[in-house]
Amino acid sequence: MKHSICLIPLIASLMSGCMIGLDAGYPREQTITRSVEFMLSFDDGPRPNTTERVLDMLATLKATDGTPVKAGFFLLADAPDEFWQRWIYYAPYELWSDKGSIAKYPTIAVRIQRAGHIIGNHSTHHAWFRWPWLDTPEAVLSEFTEWEAISQRVLGISNVRLFRPPNLILNTNVRETANRLGYRVVMGESVGDTIPGITVDVVKQRTQSILAAWNRPYPCLLIFHDNRPTTYRHLDEIVGSLQQQGFRLVHFDPKRL
Ligand SMILES: [Zn+2]
């Protein structure tokens, strides 16, 4: 009886085609995920303290070429501060969220640029394009062009034209306006840091699952938010844990997506 119990795991592992010794330290999935590359992007900045903490951590994180990693920052130009203004623009579930603004924090936007990160357009006000008054060609156009005017004043003219729609809502008006203005729409994989009360361990698990399941022929672009505590407190820990598992951190490069 004793012997037959011991044999069960041995037989099971032989049937699955694995040698016990090899299986113990290096699960089969790990050899596959070793080649998965990922990039970092951050939405809803720039904000004092939180964005600055993210920049400090990015300077310590090395990409596969050994240099400090470059990320994509999808900035807001003039996010509303007043609660009544937020009702005009924000999704109802994020009225309490403090978002960034190039107009209000130009020096932080310049710091992002000087550090070599790539800056994209995330709309002027974090417009929730499901509001009927924002889902019109005129309103969508103004969210793009007002952003350009403010960004050019602070950061100069850029030939990089990237747009990430707020809340990843890519409806007809947004798609057509982006095309007409020559923008590349950059989506990505949300890590969940906007979920209220989410812990660093859950974000680690989510990012690990996203990368483990990644099977596209280009790197996975993760979406963080530099105004969210799990990210601005623990970004280095989250990324470090992914690197330890063999996932490869590469510089943000929209041409590779
Ligand atoms: Zn956003």
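Which residues in H7 meet which residues in H8? The close-ups below start there, and they come from a predicted model.

**View 1. Helix H7 meets helix H8.** From H7, the residues taking part are Pro 137, Val 140, Leu 141 and Phe 144, and they meet Asn 173, Val 174, Thr 177 and Ala 178 of H8. Sorted by class, this contact has six nonpolar residues, two polar ones and no charged ones. H7 covers residues 137–155 and H8 covers residues 172–180; their axes come within 9 Å and cross at roughly 50 degrees. That angle makes H7 oblique to H8. The crossing of H7 past H8 is right-handed.

**View 2. Helix H9 meets helix H10.** Here we have H9, residues 200–212, and H10, residues 229–244, with axes that come within 10 Å and cross at roughly 45 degrees. H9 and H10 are therefore oblique to each other, and H9 passes H10 in a right-handed crossing. On the H9 side, look for Val 200, Val 203, Lys 204, Thr 207, Gln 208 and Leu 211; on the H10 side, Thr 230, His 234, Glu 237, Ile 238, Ser 241 and Leu 242.

View 3. Zoom in on Lys 204 and Glu 237, whose side chains meet in a salt bridge, 2.9 Å from N to O. Lys 204 sits in helix H9 and Glu 237 in helix H10, 33 residues apart. Glu 237 counts as partly exposed, at 34% relative accessibility.

**View 4. Asp 43 pairs with Arg 164.** The closest N and O atoms of this salt bridge are 2.7 Å apart. Asp 43 belongs to strand S1 (residues 37–43), while Arg 164 lies in the loop between strand S4 (162–163) and H8, so the pair links parts of the chain 121 residues apart. Both ends are tucked away: Asp 43 counts as buried at 3% relative accessibility, and Arg 164 counts as buried at 0%.

**View 5. Asp 253 pairs with Lys 255.** These two side chains meet in a salt bridge at 3.8 Å, N to O. Asp 253 is partly exposed at 23% relative accessibility, whereas Lys 255 is exposed, at 74%. Elsewhere, salt bridges with shared partners join Glu 37, Arg 248 and Arg 256 into one network. Searching the whole structure turns up 11 salt bridges.

**View 6. Leu 76 in its loop.** Leu 76 is found in the loop between strand S2 (72–75) and helix H5 (83–89). Leu 76 is buried, with a relative accessible area of 0%. Its C-alpha atom is separated by 6.3 Å from that of Gly 45, although Leu 76 and Gly 45 are 31 residues apart along the chain.

Definitions and conventions. Residues numbered from 1 in each chain as written. Predicted model: local features only at pLDDT ≥ 70, side-chain atom pairs only at ≥ 80, totals over all residues. Heavy atoms only, no water. Axes fitted to C-alpha atoms, helices over the stretch in contact; angles between N-to-C directions. Helix = DSSP H or I, 4+ residues; strand = E, 2+ residues; numbered from the N terminus. Parallel < 35°, antiparallel > 145°, perpendicular 65-115°, else oblique. Left-handed = near helix turned anticlockwise from the far one by under 90°. Contact = heavy atoms within 4.5 Å. Buried < 20%, exposed > 50% of the residue type's maximum accessible area, 1.4 Å probe, protein only. Nonpolar A, V, L, I, M, F, W, Y, C, P; charged D, E, K, R; others polar. Salt bridge = Lys/Arg side-chain N within 4 Å of Asp/Glu carboxyl O.
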